[in-house]
Every structure is written in C-alpha cells, then in structure tokens.
Amino acid sequence: MNININTYPNSVKTLGDETMDKTTLTLELVLFDIGIAYFGLPIFNVDRIVDLSNINNDFSSLLTGAKILDLHHQLFGMSLSDPPIWIIAKSFNGRLYRIPTDILPTLTHVTLDRLRILPDDFRATSPLGIASHVAMVTAPQGGELTVLIVMFGSPADMGEPIDRRPSTN
C-alpha cells in the first residue's frame, strides 16, 4: 500500500516553509517494541492507549468489542500474560483492534523518504507479515531503529490490517 498524503491530511505535516517533498513531509507514528522488534502505528490509526497499570477501577469495557492483534504471539509463539498496556487501533471502517504490550509507546515522526514498502514475498513468509512498511527512525537515546509499520488499510480496502501471509485455514 502506498501512502497517499491526501488521504491522511491530519497526520502528514510540513517542516518549515520548504517545498513539499519526501524529505520535508513527516508521518507521525506511535512507536512500541515487542521483544526485540520495533513497531509503529500511524497516529491516524490509533484510537487510544489504555494503561491498565495506572487504573484502579475495572475499565475492561474500554477493551471490549476490539479484535486482538497479538504481535507478541506472532513473533514468539506465546502471548503476554496480563499485559498492562493496550494500544487500541481503529481502521477506516471503524473496526477496533487491540494490541497488547508491556511498555508505554512513544510518539515519533519519520520523513517519508525514510519509509519503504515491504516486498510481498517477505510479507507472505514472515511472522511479521502484518507489517506493510519499514522505516528508519532516530532512537531517543541516539542511533537508528528499524521500525515495522502496521497500517490499517485505506478507505478503498475497508481498513483491515493488510496481512499477505497465506491462510492457515
């Protein structure tokens, strides 16, 4: 899926008064890690982040109705037990997905020139096939991180996560 900047006007920003090219346009990402892999969700796909470790009451109703997208299980074959953080992602058709993680995500920007589409053959054979793009992002402590980006489609494909892996059914 190619990013059409006209589809996502609230998440693409220009830096300064420069001409609008791929080195000045940025995509805001909610960045989180699952084990040794870093993932990013475009901010336009994030509905909310629920930190259950700081909630004294039962707010499980915030998580109901959302399909679980368990990246930890896809990578390591087992789920987190009682994850404290849930990222609630929203597709263009309004469907909610909840992604468990154990560390609060951060917000970062990536210029579009640092964003690449993952090849279909990688996506079809990898447990990371749910990722559609990859980007190099500057880490808060310095250095570069390779971030796998999960995009929840576009209005044309009804906003489902794009998973190119063969079906196991």
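Which side chains meet in a salt bridge at 2.3 Å, N to O?

Good morning. The structure shown above is a predicted model. The chain has 169 residues, and buried residues make up 44% of them. It contains two helices and 11 strands. Read from the N terminus, the elements follow the order β-β-β-β-β-α-β-β-β-β-α-β-β.

Let me now return to the opening question. The side chains in that salt bridge are those of E144 and R114. E144 belongs to strand 11, residues 144-149, while R114 lies in the loop between strand 8 (106-111) and strand 9 (115-117), so the contact ties together parts that are 30 residues apart in sequence. E144 is partly exposed, with a relative accessible area of 41%. R114 also counts as partly exposed, at 31%.

How many salt bridges are there by this rule? The count is two. The other one joins D47 and R48, whose closest N and O atoms are 3.1 Å apart. D47 is partly exposed at 34% relative accessibility, and R48 is partly exposed with a relative accessible area of 27%.

Four strands form an open sheet in the order 4-6-7-5, with mixed pairing. Which strands stand at the edges? They are strand 4 (46-51) and strand 5 (67-68); each has a single partner strand, so one side of each is left without a neighbour in the sheet. Strand 5 pairs with strand 7, residues 96-101, in the parallel sense over two bridges. Within this region, K67 stands opposite Y97 in strand 7.

In general, two aromatic rings are described by the distance of their centres and the angle of their planes. A search of the whole structure finds one aromatic pair. The partners are F32 and F39: their ring centres are 5.9 Å apart and their planes stand at 20°, so the pair is stacked. Are these two residues buried or exposed? Both F32 and F39 are buried. A contact of another kind involves W86, where the charged end of R98 sits over the ring, 5.1 Å from its centre.

Let us move to the surface. I36, F76 and M78 make a nonpolar surface patch of about 370 Å². I36 is found in the loop between strand 2 (25-34) and strand 3 (37-42). With a relative accessible area of 78%, I36 is exposed.

Finally, I would draw your attention to one point of backbone geometry. In general, most residues other than glycine have a negative phi. Which value does D82 take for phi? Its phi is near 50°, a positive value in a residue other than glycine. D82 is placed in the loop between helix 1 (71-76) and strand 6 (85-90), and D82 is exposed, with a relative accessible area of 71%.

Thank you for your attention.

Definitions and conventions
Residues are numbered from 1 along each chain as its sequence is written. This is a predicted model: local features need pLDDT of at least 70, side-chain atom pairs count only at pLDDT 80 or more; totals for chains, interfaces and linings use all residues. Side-chain values use heavy atoms; hydrogens and water are left out. Rings of Phe, Tyr and Trp (its six-membered ring) pair if their centres lie within 6.5 Å; planes under 30 degrees apart count as stacked, over 60 as edge-to-face and the rest as tilted. Buried means under 20% relative accessible area, exposed over 50%, partly exposed in between (1.4 Å probe, protein chains only). A charge sits over a ring if NZ of Lys or CZ of Arg is within 6 Å of the ring centre and within 35 degrees of the ring normal. Patches are made of residues with over 30% relative accessible area and no salt bridge: like charges are joined within 9 Å, nonpolar side chains (Val, Leu, Ile, Met, Phe, Trp, Tyr) within 5 Å. Accessible areas come from the Shrake-Rupley method with a 1.4 Å probe; for residues, only the protein chains shown count as cover. A salt bridge is a side-chain nitrogen of Lys or Arg within 4 Å of a carboxyl oxygen of Asp or Glu. Two strands pair if DSSP finds at least two bridges between them.
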